[in-house]
Amino acid sequence: MAGSAPYPKGNPRWLLAELTYACPLQCPYCSNPIDYASHSEELSTEEWQRVFSEARAMGAVQLGLSGGEPLTRRDLEELVRHARELGYYSNLISSGYGLTEARILKLKEAGLDHIQISIQAPEKTLNNYLAGADSYEQKKTAAHLIKRHGYPMVLCVVIHRRNIHLMREILELAIELGADYVELANTQYYGWAHLNRAQLMPTREQFKTAEAIAQGYKQKLKGRMKIYYVVPDYYEDRPKACMNGWGTTFLTIAPDGLALPCHEARMLPGLNCPNVREMSVREVWEHSEAFNRFRHFEWMREPCRSCPEKVKDYGGCRCQAYLLTGDMNATDPVCGLSPHRGKVREAIEEARLATEATGVQPLIFRNSRNSRALSTPESH
Amino acid sequence: MDPSFDSRLPLAFSPLHRLQWEEAQQKHVILYPEGMVELNLPAAEILKLCDGARTLDGIVEELERKFETSGLRDDILELVESALENGWIRTVSQG
């Protein structure tokens with residue numbers, strides 16, 4: 001009786017605190033909103049501490065300190081200390097650029113549990129081009145220091161057409177740097193990545209080759225280094241169970257205090273996301289319109305409504321449905337049963353044609369100038 | 001059942017993981033980068049004894065005394081093997 005399976009009910013377990021949209025890098029696949037430059041009113045130290053306390057009281061235990069680049073917050077150590085006192089497991093999600101030994105030590109003393117850094121590519125020229133900053137050597141130094149000071153380290157690499165041919169080199173670099181975990185994150189096409197999709201999406205053949213290499217390393221490195229492989233959902237036949245179900249597990253707080261059921265949800269029109277400046281975390285989670293909007297199954301249309309798999313994938317990703325069909329209530333078009341599956345095929349075809357075009361097309365880099373130029377006055 | 005590791009060595013909880021009681025869930029959990037495993041009561045009892053001093057036999061002895069029973073070795077070994085494989089604990093070389 002798939003139709004009678006209940007929707008999971010739960011309190012937030014994961015709090016993603018996007019401390020700032022400021023970042024010295026310009027990655028063209030950044031998941032921050034395109035109009036980030038118009039949301040500059042960051043929460044204060046005291047406001048973040050209140051949010052951490054309120055979410056912890058509801059049972060949140062994993063805390064992601066993210067951004068932008070969280071290292072640009074001068075009160076980062078103070079926030080980490082508060083998180084540790086509350087019993088969070090705190091994850092610093094940084095690019096590693098600007099992470100000095102002094103800062104690593106101060107964060108350790110404050111009680112930080114783990115540091116994730118990213119590289120854009122396993123070689124200097126491409127890395128620096130994609131990051132929009134001369135950052136490669138500095139990130140490698142930061143990685144060595146993180147391990148020297150006893151942190152578990154995740155190396156995150158966003159995978160796309162400009163670096164997917166370097167899968168083997170990426171994994172060899174991860175070994176060299178002593179990463180405990182490698183996250184091979186095939187680009188998800190939201191935010192800036194959606195803008196650059198035709199220039200970033202690899203072909204199916206490229207995916208298959210790269211995935212086989214990653215799987216080989218997974219076996220080889222078993223027990224030494226864990227490899228998380230984030231699948232590229234455009235090449236799947238069923239959508240992902242986005243955020244483990246809307247409003248069941250994850251809570252994201254944007255730099256300006258906007259509370260989001262997923263870190264991309266800011267783009268959904270008319271969702272009316274609440275702000276923690278005006279509401280407690282408990283009110284946000286239990287009573288806000290936005291967090292209840294896609295809970296349960298009543299909002300669904302066909303083919304989701306009568307589908308036995310709705311209890312597994314919850315209709316897929318709302319943001320992807322909106323980006324590809326213009327309707328956030330639609331079935332995620334990644335699903336083979338979606339009447340809009342053609343939109344995904346078109347995107348794949350568009351990217352394939354771009355690979356055959358002569359000359360490399362320019363990427364649109366994530367920076368404040370481009371953000372302001374691309375923001376429409378009515379966007380929020 | 002024979003251990004796949006050198007059971008003369010003490011077992012220690014991994015410095016890259018954290019074991020803690022979660023009031024909201026009323027259970028022990030293991031925390032690690034961006035992940036969490038919820039533990040049942042027996043697993044938590046065993047892992048709490050992986051203190052860098054006790055060996056497998058020491059843990060068996062301690063729990064059999066605590067729960068006034070015997071014959072726990074196979075169940076404990078099974079959990080220890082899987083905890084080693086998951087990297088939650090490790091053997092500590094002496095000297």
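**Entry 1: two helices in chain A**

I started with α2(A) and α3(A), which are roughly parallel to each other, because angles under 35 degrees count as such. This is a predicted model, so I am reading a prediction here. The angle I looked up is about 25°, and the axes are 8 Å apart. For orientation, helix α2 covers residues 76-86 of chain A, and helix α3 covers residues 101-110. I also checked the hand of the crossing of α2(A) and α3(A), and it is right-handed.

Next I asked myself which residues meet in this pair. From α2(A) I noted E77(A), V80(A), R81(A) and R84(A); from α3(A), K106(A), L107(A) and A110(A). By class, I wrote down four charged and three nonpolar residues for the contact, with no polar ones.

**Entry 2: where chain B touches chain A**

I then turned to the two chains. On the chain B side 13 residues are in contact, and they face 15 residues of chain A. Which elements of chain B give two or more residues to this side? I found β2 (18-22) and β3 (27-32). The chain B side has eight nonpolar residues, along with three charged and two polar.

**Entry 3: D332(A)**

I finished with D332(A), in the loop between α13 (318-325) and α14 (341-356) of chain A. Is D332(A) buried or exposed? I have it down as buried, because 27 other C-beta atoms lie within 10 Å. Beyond its neighbours within four places in sequence, its contacts include P239(A), G315(A), G316(A), C317(A) and S338(A). Q320(A) and A321(A) are also among the contacts of D332(A). Lastly, I looked up V344(A), twelve residues along the chain from D332(A): their C-alpha atoms are separated by 9.9 Å.

Note on methods:
Residues numbered from 1 in each chain as written. Chains lettered and ligands numbered in written order. Predicted model: local features only at pLDDT ≥ 70, side-chain atom pairs only at ≥ 80, totals over all residues. Axes fitted to C-alpha atoms, helices over the stretch in contact; angles between N-to-C directions. Helix = DSSP H or I, 4+ residues; strand = E, 2+ residues; numbered from the N terminus. Parallel < 35°, antiparallel > 145°, perpendicular 65-115°, else oblique. Left-handed = near helix turned anticlockwise from the far one by under 90°. Contact = placed C-beta atoms within 7 Å. Nonpolar A, V, L, I, M, F, W, Y, C, P; charged D, E, K, R; others polar. Buried ≥ 20, exposed ≤ 12 C-beta atoms within 10 Å, placed from the backbone.
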